[in-house]
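Work through the following exercises with the sequence and the three-dimensional model at hand. Each task is followed by a worked solution.

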Amino acid sequence: MKPIYILSLIAVYFFVLLLIAYLTGKNDSNETFFKANKKSPWYVVAFGMIGASLSGVTFISVPGWIQSSQFSYMQIVFGYLFGYLVIAYVLIPIYYKLQVTSIYEFLKQRFGTKTHKTGAFFFFISRVLGASFRLFLVASVLQYFIFDAWNVPFEITVVLSILLIWIYTFKGGIKTIVWTDTLQTLFMLIAVFATISIILNQLDWSVSQLFSSEEFKNYSQILFFDDFNDKKFFLKSFLGGMFIAIAMTGLDQDMMQKNLTCKNTKEAQWNVVSLGFVLIVVNFVFLILGALLFIYAEKFGIQIPLVDGKPKTDLLFPEIALNGGLGISIGIVFILGLIAAAYSSADSALTSLTTSYCIDFLDIEKREKSTQKSIRKKAHIGISIVLVIVIVIFKYVLQDNVISSLLQVASYTYGPLLGLFAFGIFTKIAIKDQFVWIIAILSVIATYFLNLYSKELFNGYIFGYELLIVNGLFTFLGLLTIRKQIDK
């Protein structure tokens, strides 16, 4: 598929997004930008959150992960469901009761200003890195298949990607995103199912023939109980998935901001629970796609693309879709799916980072009414520049599969949030607010070194995504050391 055709398709797609932004952004007040006036239908939010939860990382990187991990990712996804139940029935009632705009306002009310800032800081770092991972992936694909042919530097590709997001979110904010996410989720799911259908047709297989084939069985093991030291061991993956969902959705302003646009607590709970069940099905379909991609590549001699001389499995899907001899139709659905998946996550990240920065750090609601909108718009631009810088840095430092890297980073950056919220919800202990940031940083450092030397310390044990739980536990225990003494 020629680069100019791909670029034209992207241009048409963004024209549609800009039209939605125009219709939803006529009232560009802060109430609309931050809360969508609390009028979003829950089922629209739920459907759109499928795309935001999966993102371009799932769209490309999960299928590419099949070669090394088979279907073990489903163990994590099963854990997600239980995490979503905790979010629905523990966290959401708290957020709605307190009527917060930023969920980190809970920490301010429970502990104090320093704890509030600490929680918001760790979200900020987490979401900047998470959004940058996702945008790095889509920018890499655009660079490899379009802009390299025109000798356009990667840095320009990144700037253009962020600029497009900024253009359609700077007015309507979360209200625009609730509706654009719905469209983008639809395109992403159509792309996945269409790609599976096209490849099956090319292989002359039915779905039942795929599942019964020896080739599929080589990739499709889901449950791993053999080696407790292995990262893929079931209990480690399941618990890791559960707490990743709690932290990366329930304690994440990006994901919760959409839930808080629902009319009431009950509708927000329906949204989260339904999302948990749907994601099991959708992620399984993505893994089926991954197995098909590797089977197709083996049968037709398609090589995994090389980046800096190293195989990059994240690029196998785009390689087959755009250069695999399957016709222009699969190229079209792939590009639409990729852009939809990537931007459904990145646009909400930009908006939530702006919201958190304005509410948690700038105290925008205490500023003069006449200046609040101007402050929000300047913050929106500033956050966009930060994302550009971080994505460009990733080009030179990121070595691993992107989904793997994303979940590893989450174990460090979301751990303190997990500990802070757990301590605040499940205890009534007062703490010395001014020392919380020290505890959070020390917890991350301790977790890093524990993970680094786990083989030596624990007879070959390798931490998986349960490292997030350990990090949260360190924070929780650390908070006990700064409890206030009660005068007798």
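**Exercise 1: burial and span of a helix**

The buried residues of α18 are G415, P416, L417, L418, G419, L420, F421, F423 and G424. This is a predicted model, in which local features need pLDDT of at least 70 and side-chain atom pairs count only at pLDDT 80 or more, while totals for chains, interfaces and linings use all residues. Residues are numbered from 1 along each chain as its sequence is written, and side-chain values use heavy atoms, with hydrogens and water left out.

Task: explain why α18 counts as largely enclosed, and check its span.

Solution. Step 1: buried means under 20% relative accessible area, exposed over 50%, and partly exposed in between (1.4 Å probe, protein chains only). Step 2: nine of the 12 residues of α18 are buried, so the rest of the structure largely encloses this helix. Step 3: helices are DSSP runs (H or I, at least four residues), numbered from the N terminus, and the expected span is 1.5 Å times one less than the number of residues. Step 4: for α18 (residues 415-426) this gives 16 Å, in agreement with the 16 Å between its end C-alpha atoms.

**Exercise 2: a salt bridge**

Task: state where R127 and D252 lie and whether they are buried or exposed.

Solution. Step 1: a salt bridge is a side-chain nitrogen of Lys or Arg within 4 Å of a carboxyl oxygen of Asp or Glu. Step 2: R127 and D252 form one, at 2.7 Å from N to O. Step 3: this pair links distant parts of the chain, 125 residues apart, with R127 in helix α6 (residues 113-145) and D252 in the loop between α11 (234-250) and α12 (253-259). Step 4: both R127 and D252 are buried.

Methods
Helix = DSSP H or I, 4+ residues; strand = E, 2+ residues; numbered from the N terminus.
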